[in-house]
Amino acid sequence: MPIALPPALRPACLLLAAAALAGCASAPSTPAASAPAAPAELPLAAVLAKQIFQMTPQEAGRYIAHVHTAEPDLRKRIAAIGRKNLGQPYSLHLLGEFPYELHDNLPLYSLKESDCVVFAEHTYAMALSQSWEEFFWMLQRIRYRDGVIGVATRNHYTEMDWNVANRWLVTDVSAELAGAGGPSYPMTVDRARFLRTRHNTVAEFPIESSRQAYVAKEQVAAVAAQLQEGDFVNVISTRNGEYWASHVGLVVLGPNGERHFLHSQEPKVREETFASFMARAAEREARNAAAGKPGQVLAGFKFLRLNEQVTVPPMAPQPRPGRPGA
């Protein structure tokens, strides 16, 4: 049973209880240390002096907004953004779906490094956006079927996934450029097996086959004048009778209108002529042959024309972020 306190002691006990409760609910009597001040925002000119891979996401967002206004032509904007990453370090197997999926711990994006596909995706996504939020949305729209993040919905196969899912952005003109009787190759993909063996992911997909047209490397000089800035390039290689897109990049115009290849390849993002790229491939093939290695051999290129009118389709998981001033 409760113990009754003498009346004289009750006020003192109530004061002690109030003090104890106040101690639990109140801040310490000593002043709290103030939070560190946020770093001062760099002037825009200082941000623009950096390459994109040297920027923070906040700075990249400011750059995206700036370049959209400074360069209204989409083709030229793609070239400007791609060149803004010249020198970006190359890294293979760079990205994944973490933390949305746990099949690996690779993140959804990286500004600091790129591989060939990541470089092209980031360049297109930034060129089509006016803010960081819109860029990240656009990146998902380009990289995944219907924008649904997941290893099973990622556009793994360049010819039969990426090129097909992004027809709203680019159109394959390889057969047109190669002309009647131009080369082609059969391609069969088993996505279910690929996901199971490479990503420990079980998903049901039918085996799919297609025939892919391309421009032979000997023809590139003859068709180069028909390429346009911002076009998407698939490098087609062959080994042991099998053909596939082994590399990708973008078409940009040189100072005299010559067609250049802008791409991310070991050790960094570079811009060069198609003749230079093919010469380096020939040197690699000669080294492999001398060493008795059955390395891949450059066969040619697929070219995908940047659409004149780009209408971005809606994305299933979320609406496109609102544009500033819209």
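The axes of helix α3 (residues 57–70) and helix α4 (residues 74–83) come within 10 Å and cross at roughly 145°, where axes are lines fitted to C-alpha atoms, for helices over the stretch in contact, and angles run from 0 to 180 degrees between N-to-C directions. The crossing of α3 and α4 is right-handed, a term for the near helix being turned clockwise from the far one by less than a right angle. Tyr 63, Val 67 and His 68 of α3 make the contact with Arg 77, Ala 80 and Ile 81 of α4, contact meaning heavy atoms within 4.5 Å. By class, four nonpolar residues, one polar and one charged take part in the contact of α3 with α4; Ala, Val, Leu, Ile, Met, Phe, Trp, Tyr, Cys and Pro count as nonpolar, Asp, Glu, Lys and Arg as charged, and the others, Gly among them, as polar.

The model is predicted, local features need pLDDT of at least 70, side-chain atom pairs count only at pLDDT 80 or more, and totals for chains, interfaces and linings use all residues. Residues are numbered from 1 along each chain as its sequence is written, and side-chain values use heavy atoms, with hydrogens and water left out.

For helix α5 (residues 116–127) and helix α6 (residues 132–143), the axes come within 8 Å and cross at roughly 130°. That angle makes α5 oblique to α6, given that angles under 35 degrees count as roughly parallel, over 145 as roughly antiparallel, 65 to 115 as roughly perpendicular and the rest as oblique. The crossing of α5 and α6 is right-handed. On the α5 side, Glu 121, His 122, Tyr 124, Ala 125 and Met 126 meet Phe 135, Met 138, Leu 139, Ile 142 and Arg 143 of α6, and the residues of this contact divide into seven nonpolar, one polar and two charged.

Lys 50 lies in the loop between α2 (44–48) and α3. With 22% relative accessibility, Lys 50 counts as partly exposed, the class between buried (under 20% relative accessible area) and exposed (over 50%), for a 1.4 Å probe and protein chains only. When its neighbours within four places in sequence are left aside, Lys 50 is in contact with Leu 42, Met 55, Glu 59 and Lys 84. The C-alpha atoms of Lys 50 and Tyr 63, 13 residues apart along the chain, are separated by 9.8 Å.

Over the whole protein, the secondary structure comprises 11 helices and nine strands, helices (H or I, at least four residues) and strands (E, at least two) being DSSP runs numbered from the N terminus. Of the 326 residues, 43% count as buried.
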